[in-house]
Amino acid sequence: MPYFNSSAIKRAEYNPDTKRLTLWFPEGKPYDYCGVPQHVYDGLCGLGSKGKYFNAHIDGKYQC
């Protein structure tokens with residue numbers, strides 16, 4: 001479970017079997033996203049802005 005040095009997302013947890021992504025935002029409460037492909041999670045963990053990546057590739061697309 002990676003921790004990020006980001007002001008938008010603090011950490012992420014991904015289960016490749018269920019494709020469930022759990023993100024912790026600065027408020028500390030976890031949010032779940034379902035049906036997230038592995039490449040989307042990998043992209044989030046890559047270099048670059050976590051907030052911009054989340055807004056472009058995750059937000060509003062993988063609701064449980």
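The model is predicted, so to speak for its ground rules: local features need pLDDT of at least 70, side-chain atom pairs count only at pLDDT 80 or more, and totals for chains, interfaces and linings use all residues. Residues are numbered from 1 along each chain as its sequence is written, and side-chain values use heavy atoms, with hydrogens and water left out.

Let's start with the core. The largest nonpolar core holds 16 residues, and Leu21, Leu23, Tyr33, Leu44 and Ile58 have the most contacts inside it. Such a core is a set of buried Ala, Val, Leu, Ile, Met, Phe, Trp, Tyr and Cys residues joined through side-chain atoms within 4.5 Å. Buried means under 20% relative accessible area, with exposed over 50% and partly exposed in between (1.4 Å probe, protein chains only). At least two core residues come from each of β1 (11-15), β2 (20-24), α1 (38-45) and α2 (50-57); α1 gives the largest share, three residues. Helices here are DSSP runs of H or I, at least four residues, and strands are runs of E, at least two, numbered from the N terminus. In soluble globular proteins, nonpolar side chains tend to be buried together.

Now the helices. α1 and α2 pack at about 155 degrees, their axes 9 Å apart, which makes α1 roughly antiparallel to α2. Axes are lines fitted to C-alpha atoms, for helices over the stretch in contact, and angles run from 0 to 180 degrees between N-to-C directions; under 35 degrees counts as roughly parallel, over 145 as roughly antiparallel, 65 to 115 as roughly perpendicular and the rest as oblique. On the α1 side the contact (heavy atoms within 4.5 Å) uses His39, Val40, Gly43, Leu44 and Cys45, and on the α2 side Lys50, Tyr53 and His57.

| Residue | Partner | Distance |
|---|---|---|
| Thr22 | Asp32 | 2.6 Å |
| Arg11 | Tyr3 | 3.3 Å |

Arg11 and Phe25 sit 14 residues apart along the chain, with 7.4 Å between their C-alpha atoms.

Technical notes
A polar contact is a pair of N or O atoms within 3.5 Å; within protein, one must be able to donate a hydrogen and the other to accept it, and residues adjacent in sequence count only if both atoms are side-chain atoms.
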